[in-house]
Amino acid sequence: MHRVAVVVSDRSAVLDVAIPAQVFGTARALEKAAGEFWGAPLYDVIVCAERPGTALWGPGGLELFQISAPYTLDDARTADTIIVPGGYNVSHPLAEVVALLREAHARGVRIASICGGALVLAAAELLDGKIAATHWTSADALGERFPEVQVDASVLFADCGNVLTSAGAATGFDLCMHMVRKDFGSAVAAEVARHIVLPPLRDGGQAQFIVHPEPGPDCGSLEPTMRWIRENLAEPITLADMASYATVSPRTLNRKFREQTGTTPLQWLLRQRIQHAQELLETTTIPIEEIAQHCGFGTAINMRQHFTRQVRTSPIGYRKAFQSIGRSSSA
C-alpha cells in the first residue's frame, strides 16, 4: 500500500490540505466498490502537523479553524509520497519541515507541492535546476528568490519525476489525479474522478486562467464538437472536418479551442487518442494494431511514435506495467 503524508503547517490553506486527502482517500474508499480495478486499498493517507492545534486558513488570511492532526512530522518519514500544501506560511518554512523534505528526497520519496507550497520545496533546494509550477501571481517572486528554479507559469502542474509542483489550489486536483494515474493507470484514475465528479484529465494549462479576453459574439461552447470528436476517434478527422462540424472556419475553431482549452484542436485530438489508447491498454487484451485503429492512429507504428513521445514509454511497456500493477494489487 502506498502511504501519502500531507504535511500541514500553521496557516496552511484549507483547500490545499483537503484536496489530496479527498483524492487519495477516495481511491482507498473505492477498494470494494471497484473490485474490477483493484483488490486491496491502494493508498493510506495521513495528515501530519508540525505542532498540535495547527490553524488552517482560508482566502484573505482568514483563520477558519484549528485541527488536531493524529500524526506528527516524524510519522511523515514513513510515507512514500509527501505533499506540501500552500498557505500563508510558505515564505519561511520551519527548519524541521525543510530537513524532513531533504531527508525524504534523499531516500527517493516522491515530494509534491500544491500552489505556494513550491516555495517550501525551493527552500529545501529540491527544485534547483528543475521546472516548477506555482500560482501565476507568485511565479515572478519564486523565480526572483530562487533563480536556480525554472518557473513555468503556463502549466497546471510540473512533473520532474520524484518532485512535482502544481499551480493554484484547484490544480491540486489535477496533480493528485496525475499521481493516481501514474501509480495505477488511467482506468483507476477515471473511477476516482467519477466518484469525485471531476474530469479525470483537464485540458490546457494555467495560461487559460491568466488571460481572460472578452469573448466574441460567436464564442459558444465547444462541448458538442468535443463530444463528436470523442465518438469518432477511429476516423481520420482533420481540422477542416472539426471546423465543418462546429460550423465555423478553421481559423475561428483554432481561436475558440485556445480560449477554452489552452491548446489547438489537433493537439487536443491527439491527447484524446492517447488517453483512449491508455484505457484500452490497461483494461483489455486487444492487440496493439487494433487499438491503433480504434484510436485513429491507423497503424501500430504511428501509434507507438505518438504514444512514446507523450507517455514516455511504448504501448507494450505501458500495458506490461499496468497489468503487473493489477496482478500485485489483487494478490
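Let's start with the sheet: seven strands build it, it is open, and they follow the order S6-S3-S1-S7-S8-S12-S11 with mixed pairing. At its edges lie strand S6 (71-72) and strand S11 (157-159), each of which pairs on one side only. Keep in mind as you look around that this is a predicted model.

S1 pairs with strand S3 (residues 43-49) in the parallel sense, over seven bridges. Along this pairing you can find Val 7 opposite Cys 48 of S3, and Val 8 has Ala 49 of S3 as its bridge partner. S1 also runs parallel to S7, and three bridges join the two; in this pairing, Ala 5 has Ile 82 of S7 as its bridge partner. How many of the seven residues of S1 are buried? Six of them are, so the strand is largely enclosed by the rest of the structure.

Helix H3 (residues 95-106) lies across S1, S7, strand S8 (110-113) and S12, and it runs at about 145° to S7.

Strand S12 covers residues 163-166, and Thr 165 is found in it. Is Thr 165 buried or exposed? Its relative accessible area is 1%, and because buried means under 20%, Thr 165 counts as buried. The side chain of Thr 165 reaches the backbone nitrogen of Ala 133 at 2.8 Å. Leaving aside neighbours within four places in sequence, the residues in contact with Thr 165 include Ser 113, Leu 121, Ile 131, Phe 157 and Leu 175.

On the H12 side, the contact is made by Leu 270, Ile 274, Ala 277, Gln 278 and Leu 281, while H14 brings Met 303, His 306, Phe 307, Gln 310 and Val 311. Sorted by class, this contact has seven nonpolar residues, three polar ones and no charged ones.

Terms used:
Residues are numbered from 1 along each chain as its sequence is written. This is a predicted model: local features need pLDDT of at least 70, side-chain atom pairs count only at pLDDT 80 or more; totals for chains, interfaces and linings use all residues. Side-chain values use heavy atoms; hydrogens and water are left out. Helices (H or I, at least four residues) and strands (E, at least two) are DSSP runs, numbered from the N terminus. Buried means under 20% relative accessible area, exposed over 50%, partly exposed in between (1.4 Å probe, protein chains only). A polar contact is a pair of N or O atoms within 3.5 Å; within protein, one must be able to donate a hydrogen and the other to accept it, and residues adjacent in sequence count only if both atoms are side-chain atoms. Contact means heavy atoms within 4.5 Å. Two strands pair if DSSP finds at least two bridges between them. Axes are lines fitted to C-alpha atoms, for helices over the stretch in contact, and angles run from 0 to 180 degrees between N-to-C directions. Ala, Val, Leu, Ile, Met, Phe, Trp, Tyr, Cys and Pro count as nonpolar, Asp, Glu, Lys and Arg as charged, and the others, Gly among them, as polar.
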